[in-house]
Amino acid sequence: MDNNIKKSSSINWFPGHMTKALRQMEKELKNIDIVLYCLDARAPFSCINPKLTKLCQNKKIIYVVTKVDFVEENDLKFVKNKLDSTNSKVVFVNATKSNSCKQIFSLSKNLLSQKLQNKLDRGLNYQLKAMVVGVPNVGKSTIINNLCKASKTITGNKPGVTRGKQWVMTEGGLNLLDTPGTLWPSFDDDKVAKNLAYIGSIKDEVLDLNDLAFNFLKDILPKYKNLIESRYNINIKEDSEILEIFDQVCLSRKCVLKGNEPDYDRCSKIILDDFRKGRTGKIFLD
Ligand SMILES: Nc1nc2c(ncn2[C@@H]2O[C@H](COP(=O)(O)OP(=O)(O)OP(=O)(O)O)[C@@H](O)[C@H]2O)c(=O)[nH]1
Ligand SMILES: [Mg+2]
């Protein structure tokens with residue numbers, strides 16, 4: 001095979017509602033003061049959508065790193081250093097914890113202080129308008145609910161929950177536009193595609209979950225062998241093949257078919273679900 005040919009990932013999910021959403025966002029942008037660009041702390045750089053970044057290039061951006069409860073402090077420091085170098089502001093939140101997002105209010109007002117002052121000088125009490133964007137399932141709608149202290153938007157632990165735009169007002173002087181999670185037409189980097197699939201940003205129905213769980217184990221074992229051992233109560237030998245480890249997990253979780261064959265389908269779901277819900281431990285993928 002010609003190594004110069006760039007091979008795109010076999011993973012792909014870019015349904016029509018995302019194209020429509022991106023078009024709607026582009027239309028809305030002229031009325032938007034600030035973009036809250038949400039990134040999952042477990043794979044923040046994989047969550048950077050080239051289409052969204054291009055769309056928002058002339059806007060003030062706050063990167064909102066969500067799900068910080070799923071990663072270690074030193075990984076967050078690494079993320080902060082990298083994002084600080086983009087000249088955009090960065091906040092870290094656990095959006096399921098009340099009041100965790102309120103710094104977004106003061107940061108937005110600081111960034112737009114000149115505009116707010118100009119409006120005030122003209123006697124206007126202007127409400128800033130923020131558009132909340134990001135790949136599916138990063139916690140956009142949860143952040144909005146956190147900021148308005150009410151369940152104004154629908155949330156759910158699967159990608160593609162929000163299907164259309166929705167404005168929500170808050171008492172903190174910020175009007176928030178919830179948007180559907182968006183991806184891009186094809187992933188050049190297979191690692192990015194896999195990370196997005198691991199964190200649940202890509203619909204499971206378009207994925208080969210056995211393949212994904214196998215790759216997940218392969219990707220995280222060098223750094224997180226101890227977490228897998230303790231989660232599944234197994235002992236991993238230095239020279240074990242990934243499939244052997246997969247078999248050990250199957251046995252430990254009693255995922256066995258008739259004839260003692262490992263039930264990879266059931267075990268794959270368990271492995272991915274454990275990671276996505278943070279039960280495997282604090283794992284950083286980027
Ligand atoms: N542990 C944890 N869970 C979170 C956090 N933020 C969001 N979640 C959970 O992540 C899941 C997805 O949240 P949503 O707010 O629906 O995500 P979204 O980005 O709006 O998703 P789409 O609308 O599908 O694009 C939900 O189960 C939330 O409870 C967080 O900071 N920590
Ligand atoms: Mg949503």
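User: What is required for two strands to pair, and in which sense do strand β1 and β2 pair?

Analyst: Two strands pair if DSSP finds at least two bridges between them. In this predicted model, strand β1 (residues 34-40) and β2 are joined over seven bridges. One of the facing positions is Leu39, which stands opposite Val65 in β2. The sense in which β1 and β2 pair is parallel.

User: Which residue in β3 is the bridge partner of Ile62?

Analyst: Strand β3 (residues 89-92) runs parallel to β2, and four bridges join the two. Within β3, the bridge partner of Ile62 is Lys89.

User: Which helix makes a β-α-β unit with β2 and β3?

Analyst: Strand β2 takes part in a right-handed β-α-β unit with β1 and helix α2 (residues 50-55). With β3, β2 makes a right-handed β-α-β unit through helix α3 (residues 73-84).

User: How many residues of strand β2 are buried?

Analyst: A residue is buried if 20 or more other C-beta atoms lie within 10 Å of its own. Strand β2 covers residues 60-66 and is mostly covered. Of its seven residues, the number buried is five.

User: Which helix gives the most to the shell around ligand 1?

Analyst: There are 24 residues around ligand 1, and Gly139, Thr142, Thr155, Thr162 and Gly181 come nearest. The shell divides into seven nonpolar, 14 polar and three charged residues. With three residues, the helix that gives the most to this shell is α6 (residues 140-148).

Key. Residues are numbered from 1 along each chain as its sequence is written. Chains are lettered from A and ligands numbered from 1 in the order in which they are written. This is a predicted model: local features need pLDDT of at least 70, side-chain atom pairs count only at pLDDT 80 or more; totals for chains, interfaces and linings use all residues. A residue is near a molecule or strand if its C-beta atom, placed from the backbone, lies within 6 Å of it. Ala, Val, Leu, Ile, Met, Phe, Trp, Tyr, Cys and Pro count as nonpolar, Asp, Glu, Lys and Arg as charged, and the others, Gly among them, as polar. A residue is buried if 20 or more other C-beta atoms lie within 10 Å of its own, exposed if 12 or fewer, and partly exposed in between; C-beta atoms are placed from the backbone. A crossover is right-handed if, with the strands pointing away from the viewer, the path from the first strand over the helix to the second runs clockwise.
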